[in-house]
Amino acid sequence: MKLSVPGRVTATAVVATVSLLAGGSIAGAAPAGQPAVAAAPDIPVANVKAHLTQLQSIATANGGNRAHGRAGYKASLDYVKAKLDAAGFTTTVQQFTSSGRTGYNLIADWPGGDTNQVVMSGSHLDSVTAGAGINDNGSGSAAVLETALAVSRAGYQPTKHLRFAWWGAEELGMVGSRFYVNSLSTASRSRISGYLNFDMIGSPNPGYFVYDDDPAIEKTFKAYYAGLGIPTEIETEGDGRSDHAPFKNAGVPVGGLFSGADYVKTAAQAAKWGGTSGLAFDRCYHSSCDTTANINDTALDRNSDAVAYAVWELSQ
């Protein structure tokens, strides 16, 4: 997640809502006369953690980070791309320049579905230069990758078209995602029925925060957590600070999940979520200690399953 900038103007664009399903129902019991909807698979947290181990190894082999314009970032992108290519996705690498260095976005389309209704999920793949960026944002990147691979394993054929993305140079101000959004025609933007953003979802002292930007997407995530009996809070720490912002500014409905950065967990939050009050959700935020040791497995597991739940719910 990008560092907060004092005085930053927050987007106030009014965004259209995206329907959960035909008739606005949540998956479960199908309306009379309609076929039952497909259930989202469980995302094995061991698989997500295996991706994090690979990202850590990439950082270790490349100066300790995976930052924009550095060898570790390109190696991270190559790792993700190879997994997606082998799984049958159509991948596109989009190149841009920022701060005198070349950056890359990776876009992966799953064949099929109505391309006039695109459900898009994304995360930033770059770290800061200080460290490997395993929670920020290997966690979101790995969960989105494993969800995409689950789509392939299931041979999932939703009504809507699925697109996944890994953004470059988020830590410099959402550069990669803004470049992508600006590269789209007005018609292409209008075809994105929802963009789901996952930036830091395995924080070691986690909270369970849901973006409140689009009502239908928010409702989807809240329904998932309600099913687990886990209370959520509205996400405020990352407003305007991650890759959903360029989409929201362009009028695309957005939503997402967050487990907390350098804000301090309150006693009330610790009472309902566990963890330690008086400490940051992620004490290693933007630091060298953001390694594979800086992950809460339970939060990573729950949030990874929530990614898949939302992708399945919103695409049927």
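**Figure 1. Overview of the predicted protein model, with its helices and strands.** The protein contains 9 helices and 8 strands, and 55% of its 316 residues count as buried. Among contacts between residues at least 6 apart in sequence, 77% join residues that are at least 24 apart. The protein exposes about 11700 Å², of which carbon and sulfur atoms supply 52%.

**Figure 2. Close-up of the packing between helix 1 and helix 9.** Helix 1, spanning residues 45-61, packs against helix 9, spanning residues 297-315, at an angle of about 110°, and the axes of the two helices lie 9 Å apart. Because angles of 65 to 115 degrees count as roughly perpendicular, helix 1 and helix 9 are described as roughly perpendicular to each other. On the side of helix 1, the contact is made by Val-45, Val-48, Lys-49 and Leu-52, while helix 9 contributes Asp-297, Leu-300, Asp-301 and Ser-304.

**Figure 3. Close-up of strand 8 and its pairing with strand 5 and strand 6.** Strand 8, formed by residues 254-258, is mostly covered, with 5 of its 5 residues buried. Val-254, Gly-256 and Phe-258 point one way from strand 8, whereas Gly-255 and Leu-257 point the other way, and all of these residues are buried. Strand 5, covering residues 192-198, runs parallel to strand 8 and is joined to strand 8 by 4 bridges; in strand 8, Gly-255 is the residue that stands opposite Leu-196. Strand 6, covering residues 209-210, runs antiparallel to strand 8 and is joined to strand 8 by 2 bridges; here Val-210 stands opposite Leu-257 of strand 8.

**Figure 4. Close-up of Ser-121 and the residues in contact with Ser-121.** Ser-121 is found in strand 3, which covers residues 114-124. The relative accessible area of Ser-121 is 1%, and Ser-121 is therefore classed as buried, since that class takes in values under 20%. When neighbours within four places in sequence are left aside, Ser-121 is in contact with Val-144, Arg-163, Phe-164, Ala-165, Tyr-195, Leu-196, Phe-198 and Val-311.

Key: Residues numbered from 1 in each chain as written. Predicted model: local features only at pLDDT ≥ 70, side-chain atom pairs only at ≥ 80, totals over all residues. Heavy atoms only, no water. Axes fitted to C-alpha atoms, helices over the stretch in contact; angles between N-to-C directions. Parallel < 35°, antiparallel > 145°, perpendicular 65-115°, else oblique. Contact = heavy atoms within 4.5 Å. Buried < 20%, exposed > 50% of the residue type's maximum accessible area, 1.4 Å probe, protein only. Pairing = 2+ DSSP bridges. Areas by Shrake-Rupley, 256 points an atom, 1.4 Å probe, with all protein chains shown as cover.
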